[in-house]
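Please look over the sequence and the model below before reading on. The paragraphs after them go through the structure part by part.

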Amino acid sequence: MTTTVGDGLHAALADALALLRGGDRAAAAARLAPVLGRQAEAFQPDSCLSDAAPLVAVAEELSGISRWKTAQLAYELLVEAGHAGQAWSAGQAAERAALQDAFVARFEATPAIERLAPFLGGATGHPVAALDTTRMRPGLFDMALFRHAIAFADGTAGVEVVEKVMRSDKRDIRRAHAEGLLFGTVDADRLMAPRHFGTLEDGPFVSTFRAYFDGTPLPIDRWMTTHDELLYRYWAKAPPPGLAKGPSLVPVFVDRLKELIARTLPAGVEAQLRACSIDDVALIVARRFDHIVALLDSMPMFVFHDDMHCGNILVGADGGMTIVEWDNWALAPIGTGWRFYATHEVLAEPEVDRIGWARALPPEVTGHNMMLMASLWGWHRALRDQKLELAARWLEKLVRYA
């Protein structure tokens, strides 16, 4: 089968949809056949509509290149042809098609200086004279990135900022507000992060602004050592009281423990367990629940970067690093994030002394208890990422350290 996403596809899908809604299924199929690389079959005029797979492939291809209006037509055509399971995709495409028009109007048709001069002037404390804007990433709704070189009218040396655009749904607004809370409370240098210039809510979009750092992603061969050293750095710094209203992983961990006691595992995890059964897990966690919750409450907290990977650790020409994308952070008990392999039996514990020299630690902070925090995090993240076999290995480690 061959398909095309050329200019004629939109018209063909619109025509086929209109014919189908008008009750002429055969004509709709005949109009659709050429764009699916098929001949209009005289004896099976319905095959282009009864077989969903070719049109689903076209719809997915259109979605992949952000042609949402045409993708919406493809999904609506599928629904109209009787494939009700595509209704959700049709709704998603319709939502994104509407957002696409708003995005183009705000971020492509409107000059950046007209849109941003008042905000950036207030954020920097200097009147903006000019903006030189470039697109850094082709993302549209979730992670569109723009780089703005700012020239100031008062002669102050210019700066460069990165604008990250997200949809202003509840999730992204919550993340943007959490990022604002973080940088309004903690100095960026303390986090090894770029300077934060604030958040701008604009209709269906929300943008966050940070200083541009001219760096490249951390090489993979430096990942393990760098990751561990960063954790020791963050563990050694107590979060200011002002972050108490920020996101926390403690209630998330408690909820995960309650799910284990209730034996509510995602389908597929139990079959991957090797060292224990789900009944064993539920019994052990139930017996240790109060102890673990008390431990969670007594372990010191730290600011945890919830999306640490090589792409978010940028290395400058002088070897200096900066950690970006702080919209996904949480307060977490020390030990969270420790990198060890859930499949290994010999496990290296964190070194408590590496933290204790920098901040006072209660007696509960032991290598063993920190491994429990790491196991809770590994279990939660594996479930979140739907990695069921890895989740089973983390669950076995969680039981081991409980």
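What follows describes a predicted model, beginning with a sheet and ending with single residues.

The sheet is open and has five strands, in the order β1-β2-β3-β5-β4, with antiparallel pairing. Its edges are β1 (128-137) and β4 (196-202); each has a single partner strand, so one side of each is left without a neighbour in the sheet. On average, neighbouring strands are turned by 25 degrees against each other, direction ignored. Within the sheet, β3 (residues 159-167) and β5 (residues 205-211) run antiparallel and are joined by seven bridges. Met-166 has Val-206 of β5 standing opposite. Helix α7 (residues 112-124) packs on this sheet and touches β1, β2 (144-152), β3, β4 and β5. The direction of α7 makes about 110 degrees with that of β1.

Another helix to follow is α10, which covers residues 223-235. The buried residues of α10 are Trp-223, Thr-226, His-227, Asp-228, Leu-230, Leu-231, Tyr-232, Tyr-234 and Trp-235. An α-helix has 3.6 residues a turn, so residues three or four places apart point the same way. What covers the buried residues of α10 includes the helices α9 (188-191), α13 (353-356) and α14 (367-384). The strands β7 (301-305), β8 (313-315) and β9 (321-323) are also among the covering elements.

Apart from neighbours within four places in sequence, His-227 is in contact with Met-308, Gly-337 and Arg-339.

Two residues in loops have a positive phi. Arg-263, in the loop between α11 (250-261) and α12 (278-298), has a phi near 60 degrees, although this residue is not a glycine. Glu-325, in the loop between β9 and β10 (329-333), is likewise not a glycine and has a positive phi of about 60 degrees. Are these two residues buried, exposed or partly exposed? Arg-263 counts as partly exposed because its relative accessibility is 45%, whereas Glu-325 is buried, with a relative accessible area of 11%.

Last come the cysteines. A disulfide is a covalent bond between the sulfur atoms of two cysteines. How many disulfides does a search of the whole structure find? The search finds zero. Cys-276 is buried, at a relative accessible area of 15%, and Cys-310 is buried too, at 16%.

Methods: Residues numbered from 1 in each chain as written. Predicted model: local features only at pLDDT ≥ 70, side-chain atom pairs only at ≥ 80, totals over all residues. Heavy atoms only, no water. Helix = DSSP H or I, 4+ residues; strand = E, 2+ residues; numbered from the N terminus. Contact = heavy atoms within 4.5 Å. Disulfide = S-S within 2.5 Å. Buried < 20%, exposed > 50% of the residue type's maximum accessible area, 1.4 Å probe, protein only. Pairing = 2+ DSSP bridges. Axes fitted to C-alpha atoms, helices over the stretch in contact; angles between N-to-C directions.
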